[in-house]
Amino acid sequence: MTVPTTAPGDLTEAVLDIVRGKFEAPQDTTATTPYEDMDFDSLVLLELAVHLSKAYGVEIGDDEILDASNVAETARLLTAKGARLAR
């Protein structure tokens, strides 16, 4: 049985939880808060890309994560690559 690709909203919440938890973004961070406002530099974004690549089984290129300006855009990128939440 194939697990359907998650709705972007579900994946957005999951990525937001990772950004707040593992990457210590402020708790009032929203999906549209720019990474720049979270003080995420390119190194942190590359670490986030590696973490998300492993967690969701998709490859996120360095340039792709650097082009994503917030969690919502990152979730759209993951969805476009076929990322799925574990059920």
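This tour moves through selected residues of the structure in turn.

The model is predicted: local features need pLDDT of at least 70 and side-chain atom pairs count only at pLDDT 80 or more, whereas totals for chains, interfaces and linings use all residues. Residues are numbered from 1 along each chain as its sequence is written, and side-chain values use heavy atoms, with hydrogens and water left out.

**Confidence**

Begin by colouring the chain by pLDDT, the predictor's confidence in each residue on a scale from 0 to 100. The chain has a mean pLDDT of 89, and 87% of its residues reach 70 or more. Next select residues 1–6, where the pLDDT is below 50. Beyond near neighbours in sequence, this stretch has 14 contacts in the model; contact means heavy atoms within 4.5 Å.

**The aromatic residues**

A search of the whole structure finds two aromatic pairs. Rings of Phe, Tyr and Trp (its six-membered ring) pair if their centres lie within 6.5 Å; planes under 30 degrees apart count as stacked, over 60 as edge-to-face and the rest as tilted.

Select Phe-23 and Phe-40. Their ring centres are 6.5 Å apart and their planes meet at 55°, so the pair is tilted. Both residues lie in the loop between helix H1 (8–21) and helix H2 (42–56), and the pair, 17 residues apart, links distant parts of the chain. Helices here are DSSP runs (H or I, at least four residues), numbered from the N terminus.

Tyr-35 and Phe-40 form a stacked pair, 5.8 Å centre to centre with 5° between the planes.

Buried means under 20% relative accessible area, exposed over 50%, and partly exposed in between (1.4 Å probe, protein chains only).

Now display Lys-22. Its charged end sits over the ring of Phe-23, 5.7 Å from the ring centre. The criterion is NZ of Lys or CZ of Arg within 6 Å of the ring centre and within 35 degrees of the ring normal.

**Helix H4 and the segment after it**

Move to Thr-74, in helix H4 (residues 71–80). Thr-74 is buried, at 0% relative accessibility. Leaving aside neighbours within four places in sequence, Thr-74 is in contact with Val-15, Tyr-35, Leu-52, Ile-65 and Ala-68.

Finish at Gly-82, in the segment after H4. Gly-82 is partly exposed, with a relative accessible area of 23%. Its C-alpha atom is separated by 7.4 Å from that of Val-58, 24 residues apart along the chain.

Methods
Helices (H or I, at least four residues) and strands (E, at least two) are DSSP runs, numbered from the N terminus.
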